[in-house]
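Please look over the sequence and the model shown here, and then follow the charged side chains through the fold.

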Amino acid sequence: MRLIESRATLLLTYVILTILLVITLFPIALLVLNSVKPAAQIIQNPLAWPETFRWDNFTRAWNDARFGTTMLNSAVLSGLTIVLVCTTGSLTAYVLARRKIKSWKIVTFYLLATTTAPIQLFLFPLYFGFARLGLINNAVAVSVVYTAIWSPFAVMLLRTYFLAVPKELEEAALIDGATHWQVFTKVMLPIVSPGILTVALIIGLYSWNEFLIATTFLQRAEASTAIVSFFLLSGQYSSDWGEIMAAALIIVLPVIILFVLLQRRFIEGMAGGSVKG
């Protein structure tokens, strides 16, 4: 009886997972299907198989959206943000995990409040300040804004990793003559590297897809990001949906490939960060 119940449970689990897999992959499959169709066929029936394959959709999308330049801008901006967030976030998280702070509840409230506060509240003051300082169309300045927005999340997540590391490791390193900086860089960072990788992937994805700040502070065509140039493909009166679908696939493809390559480390990192602190 138990064997039958276990098999039924296993079968039900596989059925549910299959349904969830289909639901998850359906938008991507629909995107791939329509990226090689003429616009008229997409409007007529987006679920139909292509009558003719329009491979030139990708060429036109790449040229019209200037992906050669804008994707490089997105990569640079995402890379700068990842470096800043991981550097400042790991240092802050280590201090909060290892030092007894009397006002920890206030710090926690501040981090949660800044995580949930909408960026629209700060957009106009930031813009006028950046314009006064001449920082419009500056990718480094925009990466600082991204860092301020997403650092609280990184600090909260990385703190749980540092809390999971036994204090005896630090004490042993200090007894051996290591400085606190050496303990942090040589002992702690290698141990919490899965958490740093997880933060890097999440922050990189956020930066790659962010639109509001990018379109506000990066106004020149040569400084715009891929997501902004993708948005500009849609015309006011008409749109070539085949080209738009191809452009969307071009933008999504690097993220999918990166996640597939690092999915095991990402899942391990998320599981390791579930320690309650």
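This is a predicted model: local features need pLDDT of at least 70, side-chain atom pairs count only at pLDDT 80 or more; totals for chains, interfaces and linings use all residues.

Asp 56 forms a salt bridge with Arg 60, the closest N and O atoms being 3.3 Å apart, and both residues belong to helix α3 (residues 56–64), where they are four residues apart, or about one turn of the helix. Arg 60 is likewise partly exposed, at 23% relative accessibility.

Arg 60 also meets the side chain of Glu 243 in a salt bridge, with 3.4 Å from N to O. This pair links distant parts of the chain, since Glu 243 lies in helix α13 (residues 241–272) and Arg 60 in helix α3, 183 residues apart. Glu 243, with a relative accessible area of 8%, is buried. Asp 56, Arg 60 and Glu 243 are among the members of a network of salt bridges that also includes Arg 54 and Asp 240.

Elsewhere, Arg 98 forms a salt bridge with Glu 170, the closest N and O atoms being 2.1 Å apart. Because Arg 98 lies in helix α4 (residues 67–98) and Glu 170 in helix α8 (residues 167–175), the pair ties together parts that are 72 residues apart in sequence. Arg 98 is buried, with a relative accessible area of 12%, and Glu 170 is buried at 7% relative accessibility. The count of salt bridges comes to six.

Ile 23 is placed in helix α1 (residues 2–34), and its relative accessible area of 55% is over the 50% cut-off, so Ile 23 counts as exposed.

Notes: Residues are numbered from 1 along each chain as its sequence is written. Side-chain values use heavy atoms; hydrogens and water are left out. Helices (H or I, at least four residues) and strands (E, at least two) are DSSP runs, numbered from the N terminus. Buried means under 20% relative accessible area, exposed over 50%, partly exposed in between (1.4 Å probe, protein chains only). A salt bridge is a side-chain nitrogen of Lys or Arg within 4 Å of a carboxyl oxygen of Asp or Glu.
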